[in-house]
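Work through these exercises with the structure open beside you. Try each task before reading its solution.

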Amino acid sequence: MQNRLTEYLYTYYDEIEPVEFYRAIFPKGELQEKGVYEKGKYNAIVVEVTGEKKKNGKDKILRHTITDDLEKVKEIMSRDNFCLVSPISYVGKERSSDNARALYAIAIDLDGVIIKENGDPFGLRTLFHQIEDIDRIPMPTYMVSSGTGLHLYYVFEKPIMLFPNVVKQLQKYKKELTRIIWQGYITELEDNVQYESLFQGFRMVGTITKKGERARAFETGDRVTMEYMNKFVRDEFKADDFTYKSKLTLEEAKAKYPEWYEKRIVKKQPKGTWTVNSAVYDWWKKRILEEAKTGHRYYCMMMLAVYARKAGISREELEKDAFYFMELFDTLPASEDNPFNEKDVIDALQAYEDRYITYPINSISYLTDIKIEKNKRNYRKQNEHLKRTRAVQVIDYPSGEWRNKEGRPKGSGTKEEIIKEYRKNNPMARKSDCIRDTGISKMTVYKWWD
């Protein structure tokens, strides 16, 4: 059967050629010229999964830099490989979130679009009804028919610089917009919404799809601003506390963000980080093996990368584990339109970076839908502990017969044992937690921590 989503879009909207599409995403002059370095100019990056195999049996993956001439787009389209690209520019050749510089569009992946038995693209018609008649969903600038679903591209009038505080707001916004779009009259997967990262890669327009077709793009609306996009979400999800390309000088930043300036510029302190031992990484592997659910698979994989970074696990070992879990995640209950594949693994492993090391436990639990207990508070400050102990002694042993005249048995109750017991009971804890909860000195905790 022909792709009914493509047919519908082709009937009512103008198709746009792949190179033209990427020129609309990355306007002339936005990306670096080939072989020319210019401050403030960056590149797009395409990930291509080839049919060639590495020694470990996995597909060979190529990464291509897209410069302002877009010549690479034409080259990549000529092959029949699985290709991903984000509407983001990067510094360097690594498609990591740390290297991301400017966001040119918010893209939403919509799978499981309802098609009736008679071929009626009911879900797509409902989507346009929600956009044009009810004004419940913003109109995308482009829609891409990706073979088994749709990609909705909201292309900005001006690119948004991806400062950490901006990323946090946009991640929250994108999650809420995804929830709004993935509704029961549009997709069969309403109960298994696939929330994806702001940095998610999407099947490249003009390249092969899972069903052997080519991904095709159609112009459906105008460029957008965040002011327009914010009209469709409640106040708590709006992303508006940022400006477009920042022109702040260091002196202006000093006045506006004095704490940041003192810490990062004057004292030259690095971003706050903390590490764990490998047991925590193994603990998380066990948790996702037993508790990962459809709709949360991506974030379970992303947090695997986070814990690998925290625990000092090599990227090679992480990738080996990730592809093992990919096969398991793909067997979880889901329709054929919602697989878990190399694309998801590649994007999730971008979290193998220092910037994610301090990812809060509450967020991990929320995104993965795996309950994580906070550190146990079985330990008290030394003064409080002694006060409580003496009070109990006086009540239970008024004559002082509780005292051990022979002294403490050798090796029992040492601070080393207390610290080891604390780590056993609190695998997520940091050294600072142990110092605070036990009252043991920083020097002693550091001494026995490992």
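**Exercise 1. A helix pair**

Which residues in helix 9 meet which residues in helix 11? Then classify the packing of helix 9 and helix 11 by angle.

Solution. This is a predicted model.

Step 1: list the contacts. From helix 9 come Tyr281, Lys285, Ile288 and Leu289. From helix 11 come Glu317, Leu318, Asp321, Phe325, Leu328 and Phe329.

Step 2: sort them by class. The contact of helix 9 with helix 11 has seven nonpolar, no polar and three charged residues.

Step 3: take the geometry. Two packed helices are described by the angle between their axes and the distance between the axes. Helix 9 (residues 278-291) and helix 11 (residues 315-329) pack at an angle of about 10 degrees. Their axes are 11 Å apart.

Step 4: apply the cut-off. Angles under 35 degrees count as roughly parallel. Helix 9 and helix 11 are therefore roughly parallel to each other.

**Exercise 2. Two aromatic pairs**

Describe the ring pair of Phe21 and Tyr153, then that of Phe329 and Phe340.

Solution. A search of the whole structure finds 16 aromatic pairs.

Step 1: start with Phe21 and Tyr153. Their ring centres are 5.1 Å apart, with 85 degrees between the planes. The pair is edge-to-face.

Step 2: Phe21 lies in helix 2 (residues 18-25) and Tyr153 in strand 8 (residues 149-161), so the pair ties together parts that are 132 residues apart in sequence. Phe21 and Tyr153 are buried.

Step 3: turn to Phe329 and Phe340. The centres lie 5.3 Å apart and the planes stand at 75 degrees. Planes over 60 degrees apart count as edge-to-face, so this pair is edge-to-face.

Step 4: Phe329 is in helix 11, and Phe340 is in the loop between helix 11 and helix 12 (342-348). The two are 11 residues apart. Both are buried.

**Exercise 3. Rings and charges**

Which residues form an aromatic cluster with Phe21, and which residue lies over the face of Phe202?

Solution. Step 1: Phe21, Tyr22, Tyr142, Tyr153 and Phe202 form one aromatic cluster.

Step 1: Lys343 lies over the face of Phe202, 5.6 Å from the ring centre.

Step 2: The charged end of Arg309 sits over the ring of Tyr352, at 4.9 Å from its centre.

**Exercise 4. Helix 13**

What do the buried residues of helix 13 pack against?

Solution. Step 1: in helix 13 (residues 361-368), the buried residues include Ile361, Ile364, Ser365, Leu367 and Thr368.

Step 1: the buried residues of helix 13 pack against helix 5 (164-181), helix 9 and helix 10 (297-311).

Step 2: look just past the helix. There, Asp369 takes a positive phi of about 60 degrees.

Technical notes: Residues numbered from 1 in each chain as written. Predicted model: local features only at pLDDT ≥ 70, side-chain atom pairs only at ≥ 80, totals over all residues. Heavy atoms only, no water. Axes fitted to C-alpha atoms, helices over the stretch in contact; angles between N-to-C directions. Helix = DSSP H or I, 4+ residues; strand = E, 2+ residues; numbered from the N terminus. Parallel < 35°, antiparallel > 145°, perpendicular 65-115°, else oblique. Contact = heavy atoms within 4.5 Å. Nonpolar A, V, L, I, M, F, W, Y, C, P; charged D, E, K, R; others polar. Phe/Tyr/Trp six-rings, centres within 6.5 Å; stacked < 30°, edge-to-face > 60°. Buried < 20%, exposed > 50% of the residue type's maximum accessible area, 1.4 Å probe, protein only. Lys NZ or Arg CZ within 6 Å of the ring centre and 35° of its normal.
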